[in-house]
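Dear colleague,

I am passing on the structure we spoke about, so that you can look at it alongside the notes that follow. Please read them with the coordinates open.

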Amino acid sequence: MTVVPPSFDLLPGDPASPVILHVPHSAREIPADVRSGIVLDDAALERELDHITDAHTASIADAAARAAGVTPWRFVNRLSRLVVDPERFPDEREEMLAVGMGAVYTRTTHKDALRPDGFDAAPLVERYFHPYARAMTEAVAGRLAVTGRCVIVDVHSYPSAPLPYELHGDGPRPEVCLGTDPFHTPPALLAAAREAFAPCGETGLDSPFAGTYVPLEFYGKRAEVSALMVEIRRDTYMTEPGGPADEGLPRLASALGTLIDAA
């Protein structure tokens, strides 16, 4: 039996910290056996990765963790979201199925074919999605057990111009978009985020992306689990679509570090 190494890392923080920085979309890595099920040629796949990857968000989270007074925990996906997207519902509840972007994507950011018609997503969901979800659930449970609460801060980025796959791309695209949940995002956490990111430009709510990530075991049930999605517009810290980071990255990391300490 082949042992599949974890596709994610849980990087411990201070035992007293309730904060988990969740970085689900920063990686570009695709295992060879998964790559064989993608219909794009190598050049087209690299272009797609440029558009779909939240480039450098793991670096932002790493720098923020080092800047924070109390080191947060970090849960980092080490595989591309083109393998599985751990933040999607793995069933018909997922609205992004409308554009072929459920837990396993079948279409690209430009609505071209990514995987062949009739592709069976179940093996990828079983191999990658479910272990990731279980591990994140355990990480949250660990913070609850030790600190009595958990604060999940999702670290994402998004392009300055909408891509064809976006379902809600016609709204505002501020420098920092804060995604919220009516149950899991308390007003104090949102206020702290607005203050922390004020030096980075305009902060907006739930546009172009909305909501937060909370493991289903706790979702809508445990108010001690609070959550906020931080979506950073890519032109504020990097060359789009898939280029290097610039001087904006440390500024954003500092702001995120401020939020960690306020959470």
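**Helix packing and a covered strand**

In this predicted model, the axes of helix H5 (residues 187-197) and helix H6 (residues 248-262) come within 8 Å and cross at roughly 150°. Because angles over 145 degrees count as roughly antiparallel, H5 is roughly antiparallel to H6, and the crossing of the two is right-handed. On the H5 side the contact is made by Leu189, Ala192, Ala193, Ala196 and Phe197, and on the H6 side by Leu252, Ala255, Leu256, Thr258, Leu259 and Ala262. Sorted by class, the residues of this contact are ten nonpolar and one polar, with no charged residue.

H6 also packs against helix H3 (residues 57-67), where the two axes come within 8 Å and cross at roughly 55°. That angle makes H3 oblique to H6, and this crossing, too, is right-handed. H3 contributes Ser59, Ile60, Ala61, Ala63, Ala64 and Ala65 to the contact, while H6 contributes Leu249, Ala253, Leu256, Gly257 and Ile260. The class count for the contact of H3 with H6 is nine nonpolar, two polar and no charged residues.

Which residues lie on either side of E7? On one face are Val225, Ala227, Met229, Glu231 and Arg233, and on the other are Ser226, Leu228, Val230 and Ile232, all of them buried, so that both faces of the strand are covered.

As for the neighbours of E7 in the pairing, strand E4 (residues 150-158) runs parallel to E7, and nine bridges join the two; within this pair, valine 151 stands opposite serine 226 of E7. Strand E5 (residues 176-179), by contrast, pairs with E7 in the antiparallel sense over four bridges, and here leucine 178 is the residue opposite valine 230 of E7.

Note on methods:
Residues are numbered from 1 along each chain as its sequence is written. This is a predicted model: local features need pLDDT of at least 70, side-chain atom pairs count only at pLDDT 80 or more; totals for chains, interfaces and linings use all residues. Side-chain values use heavy atoms; hydrogens and water are left out. Buried means under 20% relative accessible area, exposed over 50%, partly exposed in between (1.4 Å probe, protein chains only). Two strands pair if DSSP finds at least two bridges between them. Axes are lines fitted to C-alpha atoms, for helices over the stretch in contact, and angles run from 0 to 180 degrees between N-to-C directions. Angles under 35 degrees count as roughly parallel, over 145 as roughly antiparallel, 65 to 115 as roughly perpendicular and the rest as oblique. A crossing is left-handed if the near helix is turned anticlockwise from the far one by less than a right angle, and right-handed if clockwise. Contact means heavy atoms within 4.5 Å. Ala, Val, Leu, Ile, Met, Phe, Trp, Tyr, Cys and Pro count as nonpolar, Asp, Glu, Lys and Arg as charged, and the others, Gly among them, as polar.
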